[in-house]
Number of protein chains: 2
Amino acid sequence: MTKYRDIADQIRSKIINGEYTVGMKLPYEYILCVNYRCNKETMKKALDILVKEGLIIRRRGAGTFVKETTLQDGINTQFECSLTKRFLGRKTVSSQVIVFEVVPADHFLAEKLRIEEGDFVYHIIRDRSLDGEPYVEEITYLPLNIVPQLKVNILNHSLYDYITQDLHLRIQSCHLNITSSLSSSMERDFLGLSKGEPYIQEEQTTYLTTGAILEYCLSRYHYAQYEFSTILVNH
Amino acid sequence: MTKYRDIADQIRSKIINGEYTVGMKLPYEYILCVNYRCNKETMKKALDILVKEGLIIRRRGAGTFVKETTLQDGINTQFECSLTKRFLGRKTVSSQVIVFEVVPADHFLAEKLRIEEGDFVYHIIRDRSLDGEPYVEEITYLPLNIVPQLKVNILNHSLYDYITQDLHLRIQSCHLNITSSLSSSMERDFLGLSKGEPYIQEEQTTYLTTGAILEYCLSRYHYAQYEFSTILVNH
DNA sequence: GAGTGGTCTAGACCACATC
DNA sequence: ATGTGGTCTAGACCACTCT
């Protein structure tokens, strides 16, 4: 953990606890630096995290203010690909493994995972529910060489916890692509869509800090249940 | 313009021109600093922009590499809310203004735009097409006090160009929320949806560097034409 | 003019990858 | 052991807002 992430966590807590209230002006940079015993640049890095999360706004010449946010309890304020974590404490996530097999990568997959054609990959299909309600069907491809010993009971819990905590791999970034297409019978069955109704698809490629691609994943949602929030910040 | 943005632009050009090829290792930090006559921290800021854009990947102990990107010609590599800019040189964007009026903000709008109930706002509905094909229906609300002299011919061109270039306002961030709902007859007419088919909606709140909210905008797309790409990078 | 953030530098030290 | 990025500091100077 770095100092600027620590400081960001502490200030974020104060905002969430209501110690810094909505619209309020934060102490100015110099005071914060003294309070948290750090340099100006370090404080800027910390506050920039909160800017990216949409919690505060900084105005040159004016000050730093708690943003009035329309987001409920911090969805997406953290970089969090894991469904289990995203709904932690608010919904029960359950997963049913439909397919779990090892197959050789075809041309398409080899391109997506940036591996050789014929290299073995896990092919996983999971139906995942929130509080017992069908929510998403996930099709995941994962190179065997990154996670050699995957087991069904890991899939039933959190694949991300296993990868980050047990294998000590760290996620660097996700490329996300959202589109919508007409459903086939497979998604209709689980998501409860009618013929002629589309699903929403997230196509996600996850990179590790090593530069390797961890997974290529297609998540298909019922259109009426789908929601995605993000904040774009000017460099 | 800052030095680190300048450097980022120069290196981005080299990647796009193919001077730095896919998968290639960039000169290491020290050399880049010498070449671009800047400090290490400044170079890091520059390269971090390209990391956020998904063009490069940096690996401690290993180097900086051009990422093999699946994105075509840089969609979303720039922070760009403007439709006109997003498809610049690839598609012709045309807009038809359906509604253009000034109304007092109701409770809902006052909350969204963070203004007083009763304050006047522009209410604009535009049907926008790409190469003549219906693409998106945009419903925009914009406080009158930020853009006092809006005219129809501005809407027919680029509202963003007017705001950034003529009014010298700068956009700080956009909050984006993507959902999907069943279409009503209004969207069906323009987008060519059938009864019982949903549209995809982007709900967008745009903030200026002053902290003011520039606009609250709902963009509704035909589900089959919608696409959104983004890159999530760990802090 | 006073208050407040943003950028840039030089240099120290640390963490990780690869050989 | 060496190469390469990441973090942190102290301090200088700049740019913007507010009144």
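Helices (H or I, at least four residues) and strands (E, at least two) are DSSP runs, numbered from the N terminus. What you see is a predicted model, where local features need pLDDT of at least 70, side-chain atom pairs count only at pLDDT 80 or more, and totals for chains, interfaces and linings use all residues. Residues are numbered from 1 along each chain as its sequence is written, with chains lettered from A and ligands numbered from 1 in the order in which they are written.

I start with the DNA. At least two residues of the surface near DNA strand C come from each of α3 (40–52) and β2 (63–66) of chain A, and α1 (3–17) and α3 (40–52) of chain B.

Now the two protein chains. Their contact takes 37 residues from chain A and 38 from chain B, counting C-beta atoms, placed from the backbone, within 7 Å. On the chain B side, β6(B) gives the most, ten residues.

Which strands make up the open sheet? There are seven, in the order β3(A)-β4(A)-β5(A)-β8(A)-β7(A)-β6(A)-β9(B), with antiparallel pairing; two strands pair if DSSP finds at least two bridges between them.

Last, the joint between chains. β6 (171–182) of chain A and β9(B) pair over seven bridges, antiparallel. In β9(B), Leu232(B) is the bridge partner of Cys174(A), and Glu227(B) that of Thr179(A).

Notes: Contact = placed C-beta atoms within 7 Å.
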